[in-house]
Amino acid sequence: MTTTRVYITGIGIISPLGKGLAETKKAIKLNRTGIKPVTLFPVPHTPLPAGEIDFIPTGEVPRTHALALIAAKEALKDSKTPPDAIVLGSTTGGMPLTENLIKEKNLDPHLYRYHATGSVAEYIAKKTGCTGIVLTVSTACSSGSLAIKLGLELLRSGKVKTVLAGGADALCRLTYHGFNSLQLIDPNGARPLDQKRKGMSVSEGAAMLLLSAHNNPPENAFAEILGAGLSCDAYHPASPHPEGVGAAEAMKAALKDAGITQNDIDYINLHGTGTIDNDLSEAKALHSVFPDKLPYLSSTKGAFGHSLAAAGAIEAVISVISITENILPANTGCETPDPALKLTPVQSPIELKSNEGNVISTVLSNSFGFGGNNAAVIINKTDKYKQNPYQKLRSVFTVTGSACITGVGNTNETLNVLKNNGTCNGLVNIEHISEILPKSKIRRLKLLPKMVLSLASLAYEQSDKNIKPSSIYFGTGWGSLSETFDFLDKLYESGEQFPSPTDFIGSVHNAPAGQAAIWFDAKKANITATGGDFSFEQALICAELLTRNENEGVMLIGADEHHNVLSKILDESTALDSFPSDGGGALILTRSNNPGLKIIPSFLGYSINNKKIIHFLIQSLGGAARINELFGAVFAGIPAGRNSLAREQLAEFQSIISFNKPVIDYRKFTGEFASASAVATVLALQYVKEGAIPSLSGTEQCKLNGKGILLLGFGDFISTVEIQNQLG
Amino acid sequence: MNDFIAQLKKKIIKTLELEDITPDDLGDDDRLIGGELGLDSIDALELVMMIESDYGVKIDNKELGEKVFSSVRALADYIKKSKPEIAN
C-alpha cells in the first residue's frame, strides 16, 4: 500500500470565456457566456450557437494544437523543468485543417502531418522538452477527465514526479455538422437542465493541469486530485444509458478511489450537456448516488459550451476555481429547471462567505461521452482528507488468449503462411474475417469496428474463458478512416447539408471500443489510445495503470484499417510501402499469478528531445545482463517513415548491450501500418510458447531455449514490451 | 399513393443498406423504427437526412420523428401533407 498525494501545481486554460486562469475566474464570477452563432466556417443554414474562441492560429499547426500549447505554456509558466510525462485527451486533432484540405481536394501529404489526434500531445512534448511517457486518449467527451485519471495513476505508480494532463479540441465542421445531424444542438444555445432544453452548444478550448506527486502539499498547490473513477455503459454507441447506470458507477468509483462518501461532496460540476437524454440520465444517476441530499450542483456548459475532449479538463479547472474562490458557478442558460430532473441547479454565481462556515472543499466533476464512456474526478481543497491508501502498481499481465488478423487471414492462417512464405502483409479480407459475427449486429459497421469485434471474438474464443473481459483497452493510430472520409465526402457532396449521422457516430476514435464493450457487456474502463505507431503500446500502459483487481479480465486490442485515399496521405510509413497492409491483434489479460505467458509494458519515452534515450531504455529493462539472459530475440518496430532514425537507435541498443541474438524487423512481414506492433505481439506470444521462431522475411529460424522475446518500438518514441513464458 | 409508398420503401432500403430486405418485406403499416427490422434512432436520423435531401421535408425533432417513422404509410402521409406536389 502506498499514499503518494497528487497536487495541482499549475493551471492553463483557454476557452470561449477567455485566455488564462484570471480571465476564466472573472467570467465565472460575472456569469458571462461564450456562446454565439458560429462564424469560424460558413454554413448553409442560419448559423447555430457555438462556443468559439476569438483566435486565429498563425503558425503551421492546426487550431487544436495551437490551443493546447497556449494552455500548456500557462500551466508550466512557473516550472523550471519539463513535465516528466504528458497525458492529453483529444478527439479532433488536426481535423480543423484536414477537413479544409479535403474540401479543397488538396491531397499533399506534407500538409496532413498534424492530422493525428496523437500529434497534439507529441507537439506539446516537443515544445515543452518532455522526454518521458506521452499518452493520447480519445474517448470522446470523457477524454479530458480520463487524461487526469491516467495522470493521477502515473503519479501514484511512482514512475514519474510530474504530469501535464488535460484535453484540447477545436471547433470544426466535423463536430458542428456531426452533432447537428444527430439533432443534438439547441438552436437557442445550450440550456442545461432547463425544461425547454433542446441540446448542446458545440465548443472548443484546451485546459492543462500540471500534476505533482508529494507527500505533503507544496506551497504552490491550487488543490489536490483526490480520486477519479471510470465506467462504461456498454449500452449504445451514442446515447447514454436511460437510467444513468454507468454514470452512477463512475461517480461511485471516484468516491471509492478518493476514500470519501457522497456526503463529503460540496459541489458537483455536472456533465450537463443540455441534451434531453444526457441531462435526464445524469439526473437519475445523481439521485442514485446521492439518495439523501444532493450537494450544490450546476452545469457550466451553458456558458462554456461543450468542448468535447477539452471539457473534462476545463471543468477540472472550474472545480479548482470553485474551491480556491469559494464560489458556486452558475448553471448558465437554465431559466426553468425541468421538473422531471428533480434537480435544483445554482442559477447565478454565488460567492460564499467562508466565515459563515460555507466552504467549498470537495468537488465532483462529471464527464460522459459517446461509446458510454464515463469519468468522474474528485478535486479537493489541499489536505482536507487523508489520502486513501491504494495498491502498488504491478506491471505484469498473464495472457489467457490472443488473436491476430492480417492480410492473409486469422491467427492460424497467418502463422501457417508465415512459416511457408515468411510474410503476411496485405489487406484484411473483412468479409472472410467477420464471418464469425452475426450479420444483424454489424449491419451499420464499416471496416475498423468489424476488425475490432472480430479480433475481440477470436481472442476470447481462444482463451480459457474463465474470465470475461470487463474492461477494454484499444489502440489505433488513425481510428475509423472509412467513416471519417465518408462523413466528409457526403457533407461536401451535399453542400454541407446532409452528412451521415451513422458515419459521424462511427468516426469517433473510440467507436470500435464502444462496440466491443457492448459485445462483451464490459462495464469497467473503456480506453482508446491514439498515439500513432505506439497506440497499442499506449493502450497497454493505460491497462497497466488502471487495472489492479486480480479478477478483472482485460481486453487489449490494437488495429488499423487501410483507406484508399487517406492512409497514404496521413501515414508516412504506409506511403513508402508499395504493398498496402492493415490488421491488428487482441489479447485477453489478467492480473492472476497463474502460470502462462506474461506480458510487461516496461518503457515508453519521447526520443526527439532525448539523446540518451537508449541508455534510459536499457536501464529500465534492468541492464545488459538481464536483457541477454531473458530474451532470445528482439522484434523491432522500424516504421519506414522513420527508417534512418530507428535504425540508428537499434544499432546503438545492440552495440551497448552486445546483443548477438536475432533481431527481427517485423514490419517487413506484417507490412506498414500503425498497429503492426499488435500483430507482432500476438505472433511473438505464439513463438515464445512454441520456443522457436521460424524463418521470417529473410531471418534464420531460431530456437528461443526457454527465453522470451523483447518487442522494441523505435522512431519518435522508444517503447518496450517484454514477453516471457514465466517471470525472469 | 401506393406508387409513392413503393418508391419510399426502395429509398429506405437503399439509404439504410438493408441488404437482405426487399420492398415486399416492408409492410405499409409495419412498425418502421423499433420494429422487427431492428431499426433504431440512428437509422431514423439517417432517414431524416434522406427525406430532407430528396423531398425537402424536415423532421427536426425526436417527438415528430417518433410519429412520422411509426410506419412507411405514416411517413408517406407526412411527406404528402408537407409537400402535396411530391406524392401525386
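Because the model is predicted, local features need pLDDT of at least 70 and side-chain atom pairs count only at pLDDT 80 or more, whereas totals for chains, interfaces and linings use all residues. Residues are numbered from 1 along each chain as its sequence is written, chains are lettered from A and ligands numbered from 1 in the order in which they are written, and side-chain values use heavy atoms, with hydrogens and water left out.

Chain A is divided into domain 1 (5–380) and domain 2 (397–726), with bounds that come from an automatic or database domain assignment. The C-alpha centres of these two domains of chain A lie 30 Å apart, and the contact between them (heavy atoms within 4.5 Å) takes 57 residues from domain 1 and 52 residues from domain 2. Together the two domains bury about 4600 Å², with 67% of it on carbon and sulfur atoms; buried area here is the accessible area (1.4 Å probe) that two parts lose on being put together, summed over both.

The rule finds 3 salt bridges between domain 1 and domain 2 of chain A, a salt bridge being a side-chain nitrogen of Lys or Arg within 4 Å of a carboxyl oxygen of Asp or Glu. A:Arg173 forms a salt bridge with A:Glu496, where the closest N and O atoms are 3.3 Å apart. On the domain 1 side, the elements that give two or more residues to the contact with domain 2 include helix H3 (95–103), helix H4 (118–128) and helix H6 (173–181) of chain A, and H6(A) provides the largest share, 7 residues. Helices (H or I, at least four residues) and strands (E, at least two) are DSSP runs, numbered from the N terminus.

The interface between the chains brings 20 residues of chain B into contact with 17 residues of chain A. About 1400 Å² is buried between chain B and chain A, and carbon and sulfur atoms give 50% of that area. B:Ile42, B:Leu45 and B:Met49 supply 42% of the area that chain B buries against chain A, more than any other three residues. The count of salt bridges between chain B and chain A is 6, and in the one formed by B:Asp43 with A:Arg443 the closest N and O atoms are 2.9 Å apart. Helix H2 (residues 41–55) of chain B gives 9 residues, the largest share of the side of chain B that touches chain A.

Within chain A, strand E19 (residues 553–560) is largely enclosed by the rest of the structure, because 8 of its 8 residues are buried (under 20% relative accessible area, 1.4 Å probe, protein chains only). In a regular strand the side chains alternate between the two faces of the sheet. Both faces of E19(A) are covered, with A:Gly553, A:Met555, A:Ile557 and A:Ala559 on one side and A:Val554, A:Leu556, A:Gly558 and A:Asp560 on the other. E19(A) pairs in the parallel sense with strand E17 (residues 469–475) of chain A over 6 bridges, and runs antiparallel to strand E20 (residues 583–590) of chain A, to which 7 bridges join it; strands pair if DSSP finds at least two bridges between them. A:Val554 is the bridge partner of A:Ser471 and stands opposite A:Leu589 in E20(A).

A polar atom of the side chain of A:Thr162 lies 3.0 Å from the backbone nitrogen of A:Asp84.

Conventions
Buried means under 20% relative accessible area, exposed over 50%, partly exposed in between (1.4 Å probe, protein chains only). A polar contact is a pair of N or O atoms within 3.5 Å; within protein, one must be able to donate a hydrogen and the other to accept it, and residues adjacent in sequence count only if both atoms are side-chain atoms.
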